[in-house]
Amino acid sequence: MLSQLLLVCVLLLLVSKDFHYVAEAIAAGESPAFGAIAVEIGGAVLLLLAVNGLAGRRYARNLELLLAGQLEEMNAVAAGNLDGVVPVIANDEMARIGDRTNEMIEVLRERERVKSAFGKLVSPQVAEALLGNEGGAELGGREVEAVV
């Protein structure tokens, strides 16, 4: 956005300067050098567009690297690796996505810790039944005959 604003400001300044030059040349009875003005403005436009394009390309490359890092971490999470985090280096929408991804990873880590701790207290079948139940553990019970 700033590079576009710079482009417009430079062009406005050039046109203003050249307009002033043309007005002075006409007032002095001289013929303004319109060819030189066109070359000056055209060269400035090409130079600024090139710089603008390079800045856009660099921004796109940084965005691509950031997204690749987030995708790599999400693939690791999908494979069951909950050790990583997505680096958050800015304060924009991409950083918010990174923050949410890190929060998701932390929730999954906590779930794994609970599952591991719970699995040490009850049988794996009971742990799966309780953890797999979307409504949570319902109170109640059943009557069985058992020998202790």
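Colleague: What pattern does the protein follow, read along the sequence?

Modeller: This is a predicted model, and in it the protein reads α-α-α-α along the sequence. The secondary structure comes to 4 helices and 0 strands.

Colleague: Why is the protein called more spread out than a compact globule?

Modeller: The globule rule gives 15 Å for 148 residues, and the radius of gyration of the protein is 33 Å, well over that value, so the protein is described as more spread out than a compact globule. Along the principal axes, its C-alpha atoms fill a box of roughly 120 × 25 × 15 Å.

Colleague: How many of the residues in the protein are buried?

Modeller: Buried residues make up 17% of the 148. As for contacts with a separation of 6 or more, 42% of them join residues 24 or more positions apart.

Colleague: Why is Asp 18 called buried?

Modeller: Buried means under 20% relative accessible area. Asp 18 has 5%, so Asp 18 counts as buried. Asp 18 is found in helix H1, residues 2–27. Leaving aside neighbours within four places in sequence, Asp 18 is in contact with Ile 37, Glu 40 and Ile 41.

Colleague: What makes Asp 83 exposed?

Modeller: The cut-off for exposed is over 50% relative accessible area. Asp 83 has 70%, so the label is exposed. Asp 83 lies in the loop between helix H2 (34–78) and H3. From Asp 83 to Glu 106 there are 23 residues in sequence, and 9.4 Å in space, C-alpha to C-alpha.

Colleague: Where is Thr 101, and is Thr 101 buried or exposed?

Modeller: Thr 101 sits in helix H3. Its relative accessible area is 5%, and the limit for buried is under 20%, so Thr 101 is buried.

Colleague: Which residues is Thr 101 in contact with, leaving aside its neighbours within four places in sequence?

Modeller: They are Met 74 and Val 86.

Colleague: How do you describe the packing of H3 and H4?

Modeller: Two packed helices are described by the angle between their axes and the distance between the axes. For H3 (residues 93–121) and H4 (residues 124–132), the angle is about 145° and the axes are 9 Å apart. The crossing of H3 and H4 is right-handed.

Colleague: Which residues make the contact?

Modeller: From H3 come Arg 111, Val 114, Lys 115, Phe 118 and Gly 119. From H4 come Ala 127, Glu 128, Leu 130 and Leu 131.

Colleague: How many residues of the contact of H3 with H4 are nonpolar, polar and charged?

Modeller: By class, the contact has 5 nonpolar, 1 polar and 3 charged residues. Gly counts as polar in this scheme.

Methods:
Residues numbered from 1 in each chain as written. Predicted model: local features only at pLDDT ≥ 70, side-chain atom pairs only at ≥ 80, totals over all residues. Heavy atoms only, no water. Axes fitted to C-alpha atoms, helices over the stretch in contact; angles between N-to-C directions. Helix = DSSP H or I, 4+ residues; strand = E, 2+ residues; numbered from the N terminus. Left-handed = near helix turned anticlockwise from the far one by under 90°. Contact = heavy atoms within 4.5 Å. Buried < 20%, exposed > 50% of the residue type's maximum accessible area, 1.4 Å probe, protein only. Rg over C-alpha atoms; globule rule 2.2 N^0.38 Å.
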